Every structure is written in structure tokens, then in C-alpha cells.
Number of protein chains: 2
Amino acid sequence: VPRDSHDALAPYLDRFVDSDGMLAYLDGNSLGRPLKATAPRLAAFVEQSWGGRLIRGWDEDWMGLGERVGDRIGASCLGAAAGQTVVGDSTSVLLYKLIHAALRLRPDRRVIVAARDDFPTDRYVVAGIAEERGLELRWVESAAHVDEIAHDVALVLLSAVAYRSGYLADVPALTRLAHDSGALVLWDLCHSVGVVPTELDAWGVDLAVGCTYKYLNGGPGSPAFAYVAEALLPELRQPIHGWLGTDRPFEMGRAYEPADGIRRMLSGTPPVIGMLAMHDMLDLIDEVGLAAIRQKSVALTQYAIELVDARIPDAVLATPRDAGRRGGHITIDHPAFVDAVPRLWEQGVLPDFRAPDGIRLGLSPLSTSYDEVEVGVEAIARAI
Amino acid sequence: VPRDSHDALAPYLDRFVDSDGMLAYLDGNSLGRPLKATAPRLAAFVEQSWGGRLIRGWDEDWMGLGERVGDRIGASCLGAAAGQTVVGDSTSVLLYKLIHAALRLRPDRRVIVAARDDFPTDRYVVAGIAEERGLELRWVESAAHVDEIAHDVALVLLSAVAYRSGYLADVPALTRLAHDSGALVLWDLCHSVGVVPTELDAWGVDLAVGCTYKYLNGGPGSPAFAYVAEALLPELRQPIHGWLGTDRPFEMGRAYEPADGIRRMLSGTPPVIGMLAMHDMLDLIDEVGLAAIRQKSVALTQYAIELVDARIPDAVLATPRDAGRRGGHITIDHPAFVDAVPRLWEQGVLPDFRAPDGIRLGLSPLSTSYDEVEVGVEAIARAI
């Protein structure tokens, strides 16, 4: 297959674990594949670190793991200087904390802007908070539809890459627009982290959250990360006052006093085992570089679009053709897809189905070959 | 050592991973030791389940894992029928959710009872909620000091076993006392689950939360569990409206609608890798039986008390001598302990230090030998 033979990143495909009878994995944007290094990493952790060091591991290594892995993600993927990113909890819980924290920073404003095309958990969490606090939730269709932010807005919650359409928002421009009206921004980076270069510090982003089991290959349900711009940290208060959000948890003090730094975002004990696997992908991202990853990502999605245009001409592309407005996945719609996807899965071709009639092709650049894209689109064309 | 040779549970000691240069691990109540089965379990998961099944794993296995492991913990350790226990989030986050949920169920009452000797995260989380909502927090010294509950109390939050003293509360009696006044109870089972037989259903407990990395050996930072009595589930609403708390998350519906069952306690994606290790200890608990585990636990703590009385007579026992009021650990106080503990750790004797002057000896029955208790107490006696 000529394209793979010309792909400078093709040799990295071999770093990932092989999968049972799979012809094309087109869902690396939903659950990244494990690297071959990950199983021995976890086994060694159990035997040497947990089993060998036992309770000593907290002092020696684990207590600051959420901050250290956060700093790694910040440096490798987010353009975030150290001390602003932390790993712990799920995306949903971190969204809840950050939305509450943002609202405390804008106590005189009673409006939140959010997008109807955003991932369900973002919409549900923010709607729950708005209802509980009697705030107005002002819906926009998508990040592409935001051209003004009113002066009564406390917070703008948007995704950098839309989970269904793959639309890549203009994060710096929308952040400026929000700031011009005195609003804060909270960017959901679940579908962009590790695949789209991001410069949170340079763009002046206030708050961000993201997932580690997609392009960071942390494994099913690995914990999420939160970013808080350094300037906001001293004032930031989140509502779940757990002991691990304090500076000296083992002093077991009388009252909660939030830690000075990003640790104040934490509540419970660091989910250590859940933070291990992502190290392998972060190592690989550092080896390859995010610019080269993005370059292959754009080429893969472009190739997928060309194949769809040629082989499934009556499918409707829900994703921008402009590569500058496109993340790492594409979605195509066709009424026959709802019946086709189960058959594709049986054949070992694994895209996502997205109701009502979408197939989402997630092309994680380091683990996806051009051949897989071709096999996948051909299989979809035959299945309908 | 005669005591170990007469211990019917001694053969199980060999099921646990050996530790570097350790003479006595007296902290299994803080971080349980891994079983030898755990490293291969995690490696096999990465290669076969995550790597082999990829996104298919969600449908085939993982999506309901929090409920299935919850049911296992409920059946093996809590006296809880299926459908009331779920694993996910940290203890701190689950406390936050359950306290909010309880307050919604008692909207006309504005008092929460909590204990000053409770674990910091319990005190911090409940104080944060009370402050945010303008509720009265009525402190008692400890669960031992609760002899009446006023009719203005919405919720009583207590630990079944106190983290420092090891005091085992009379859970059924205090639950009845609270109910007689129309209050709900939320029991923190972190220091009792897996070591003290518990009958949540029979005792009429409303809500409970607990940890899986102590006597359930789930590994550092493994996720916690929540219990909600079946009768309360239909009305129960927790504040973090994540997509995984709905019945059909992959429908990606317009609005949050809590799942019918215990899944409504969840918010984010199930922390799958974090839920794996505890299976090995649950298997072992089922093999041995909780009654036999409790029997050895009582004998171990009794033996430790006898040794302390004989060898460190000026230490003050902070733990009840009545075995019926004692959990799986004991705490002894002595002004010299603050300096002694670092030296003990260097020797490979690992108790916990608990400020201001306590040594806590946590004796996880399946992984702790009588010999270790003796070695540990002798080392403490020599160190002061």
C-alpha cells in the first residue's frame, strides 16, 4: 500500500498491541489502543512499586502523581507551563468542579453559554448546575455559531473539537471574544488533546478539561485532567473539599484549606493505577512530536474524505473540508448506516455509530494506517 | 512461631506479593498488599481485553463493571442485595454526592450531625456543603458520643470504624436512633469493609460509602463504592449529572434523565483499570469467608494489645479493649512515637504515624502474620 510506505510515522504502528481479528480500528479517538509497553508497565508497578514499596510509595512517588502527569500533558500537548494541569476524577466531575469554580469568580453574572452539539456529559452537567443555581443557560448551536458574547455571561463552555462533527473551533479567537465581554472560558479538550496542537497559556485560556483514554491511550476510564490558568489559581475554589485538595493532607487538620497550587482541584486519593498507562503514549508523543502527529492526522482525515467522496458519494460529510477547522476524526451520515454498523463490527471493521445516522471515523495518527482507512471505507461502501 | 502455626488462615499469607526488605507491614488497613494474581490480571487485561476487544469491550464487559463489582462487594462484605452498590469516583466525591442527595430527601431539615474524630475528607466535604448551603453542622466528639438525635437533623454522617481509634460503632443501634427522629444515616465504611461483617440491608442503613484500597486491596487510589438502600433509589438525585448516570448513555440524548437504578450515582466513564485488582481480594474473601476473617482480625488486634501492654506499658491504648467495639486496627499513643516512626520505617517495620503522637497498627487479617505483629511491637518497644 503506497501511502503507508511513504508515511514517516508508519513504523510506530508496531508499538501498539495487536487486536483479535481486526481489519480496521477506526475508533482510536474514542478508546486509544494500548502500547506494547503498557502491560509490562502495569505488572511491574504491581510487583515492584505497590507490592514492593507499599505505603512508602505515597511519600516516594504517588502523592504528587496527578500533578506530575498533569505537567507532562501540559508540556507535551497543551502549551501549558507547569503547575496548572492536574489529573484526577472523571471529565464529568472535573467539569462540575470547574463550572462551579468559574461561577464563583463571576458572582454578578447569571448566564452560561453552552453548545447544543456538545458531548452529552458537558450539556448535562452544566444544565444540572444552572437548574440548581437558578442561572440562565444560553444555548448556541455549536462553537461555529458563536459570534458575540453578551456582557451578562459568566462562563462560555465549548469543546475545542466537536465530538460528532469533528469541527475544530477557533479557540484563541473565541477566548478573546469571551474575555472582551468579561466572561471566562472553559474548553473541553477531550477530542483534541494529543492530536491537535494547543497553546492554552499563549491563548489566554482560563479553564480546560480533557480526557486521557482517547488520543492519550490511558485505558478504559482512565482519569481526566483539568487546567486552571495560573492567574486564576489563588482565587479558585471548587466545591468538593476533599483532603487531597489540601497542601498537607497527612496532617489531618481541623479544617479544609485549599492547597496553594493546582492541587486544590483534587478531592480524593490520586487514582494511581489509572494514571500509569498514559505514560507510554506521552513518551511516544514526545518522541514523535505533536506537529508531525497533526500533519499525519490531517492527511488521514483528508484521505478518508477523498475515499468517501469516491466510494460512498451519497453519504453526507458532517465534518469541515477545511483541514484548519477539522480535528482528528470525521463523521459521515447516511440512512443505511444504522443497519450497517453491526455488520461492519462483525467483520472486524470498527467505526463508531453516532445517532441518528452517522458513522464516525476516528483516526488516531500513531496507531492508524492509511490501509486501515481504505479497508474501512471500502467495507462501509460494500455494507450499504 | 507457634501462633502462626496454629492459624488456619496462615496459608493465605503466601498469596500476597513479597515486599523489599520488609520485616513487618502494619499498614494493610491503609494500603492493602497486592495478591500475586493481580499483576498477571492487569497485564492480561491490557493485552486481551483492552488491546484485543478495544471499543467492543464497552458493550461486552466494561459498561456495567461498576455495578457488577458493586454487587460483589455488597454480597461479599456489606450484606447488601444486588442493585444498591456501585463502584466509581473517589470516596470524597461519593460523599459529596450522597450528602447532597440526602439533603434533598429532607428538604425541611437544616442540620447535619458529624463527628470531630472522623477522617478529614468526611469532615471537610460535609463542612463545605454546610457552608455553601447555609446549614448547621452539629459536631459530636465521636460515634461513641451519640446518644440522641434531634428532630431537626436531616443527616447523620459517621464512620463504622474510626480511622484513628479503631472504635467500631454500633451501626444498627445508631441507625435506628437516627430513624426514630426522621433523620437519614450515611455510614463511611472505609475502615470496616472487608474486615468487619456488615449487614446494611438488615440494619436498614440508608446510605454508605467506602474505600477499596484498604482491606479490599484494589491498589493505590482505586475507586470507591456507594450504597443506596433500594427504597430510596427512585427519589435519589445526586448533583453531578454526568452521562454515565443515565440508562442509555450512548443514545446521547438531549437532557439528563437519571438511570432507574444505582447507576444514577455515577457521573463519568467507569474507571475500568482501577476496578480490576480488587477482584483478586474479593475472590479470596469469598474463599475464606468474612466470619473467619473477622475472627482472625479480633485475635490479631487482641495479640497486639497484649504485646503492647507487656512491652510498651507507658503507651496509651486509644482503641477499645472490648473486641466487640474494635475494628481491624489499633492505635497507641506515646510522645516518643513521632521520632520513632521514621527509624522504624528504615528498619522495614511499617506502621502508620497519626499526629500528634499515635502509632496505628493496621492488621489486615489475610496478609498479616502473628509473627509480624510481634516483630513490629518489639521494634517499637526498642525504638523508644
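This is a predicted model: local features need pLDDT of at least 70, side-chain atom pairs count only at pLDDT 80 or more; totals for chains, interfaces and linings use all residues.

Q: How are chain A and chain B related as copies?
A: Superposing chain A on chain B takes a rotation of 180°. The shift along the axis is 0.0 Å, and the RMSD comes out at 0.0 Å. The two copies are thus related as by a two-fold rotation axis.

Q: Do the copies meet through the same surface or through different ones, and what percentage of the interface residues of chain A tells us?
A: Start with the contacts: 72 residues of chain A touch 73 residues of chain B. Now look at which ones they are: interface residues of chain A are also interface residues in chain B, so the copies meet through the same surface. The share of chain A's interface residues for which this holds is 100%.

Q: How much area do chain A and chain B bury between them?
A: Carbon and sulfur atoms account for 68% of the buried area. On the chain A side, A:Trp50, A:Ile55 and A:Tyr124 lose the most area to chain B, together 12% of what that side buries. The area buried between the two chains is about 6300 Å².

Q: Which strands are the edge strands of the open sheet of 7 strands in chain A?
A: Read off the order first: β2-β8-β7-β6-β5-β3-β4 in chain A, with mixed pairing. An edge strand here pairs on one side only. That gives β2 (85–87) and β4 (136–140) of chain A.

Q: Which residue is the bridge partner of A:Ala114 in β4(A)?
A: Strand β3 of chain A covers residues 111–115. β3(A) pairs with β4(A) in the parallel sense, over 5 bridges. In β4(A), the partner of A:Ala114 is A:Trp139.

Q: At about what angle does helix α7 of chain A run to β6(A)?
A: Helix α7 (residues 171–180) of chain A lies across two strands, β5 (153–159) and β6 (184–188) of chain A. Against β6(A), the helix runs at about 155°.

Q: Why are β9 and β12 of chain B left without a neighbour on one side?
A: The open sheet here has 4 strands in the order β9-β10-β13-β12 of chain B, with antiparallel pairing. β9 (316–317) and β12 (352–354) of chain B stand at the edges, so one side of each has no neighbour in the sheet. What each of them has is a single partner strand.

Q: Which residue in β10(B) stands opposite B:Val316?
A: β9(B) and β10 (residues 329–333) of chain B pair in the antiparallel sense over 2 bridges. Opposite B:Val316 stands B:Asp333.

Q: How many residues apart in sequence are the parts that the pair of A:Phe45 and A:Trp62 ties together?
A: The structure holds 15 aromatic pairs over all chains, and A:Phe45 with A:Trp62 is a tilted one, 5.8 Å centre to centre with 50° between the planes. Both residues are buried. A:Phe45 lies in helix α2 (residues 38–53) of chain A and A:Trp62 in helix α3 (residues 56–62) of chain A, so the parts tied together are 17 residues apart.

Q: Is A:Leu200 buried or exposed?
A: A:Leu200 lies in helix α8 (residues 200–203) of chain A. Leaving out residues up to four places away in sequence, A:Leu200 touches several others, including A:Leu78, A:Leu189 and A:Tyr227. Its relative accessibility is 0%, so A:Leu200 counts as buried.

Key: Residues are numbered from 1 along each chain as its sequence is written. Chains are lettered from A and ligands numbered from 1 in the order in which they are written. Side-chain values use heavy atoms; hydrogens and water are left out. Two strands pair if DSSP finds at least two bridges between them. Contact means heavy atoms within 4.5 Å. Axes are lines fitted to C-alpha atoms, for helices over the stretch in contact, and angles run from 0 to 180 degrees between N-to-C directions. Copies are superposed by least squares on the C-alpha atoms of residues with pLDDT of at least 70 in both. Rings of Phe, Tyr and Trp (its six-membered ring) pair if their centres lie within 6.5 Å; planes under 30 degrees apart count as stacked, over 60 as edge-to-face and the rest as tilted. Buried means under 20% relative accessible area, exposed over 50%, partly exposed in between (1.4 Å probe, protein chains only). Buried area is the accessible area (1.4 Å probe) that two parts lose on being put together, summed over both.
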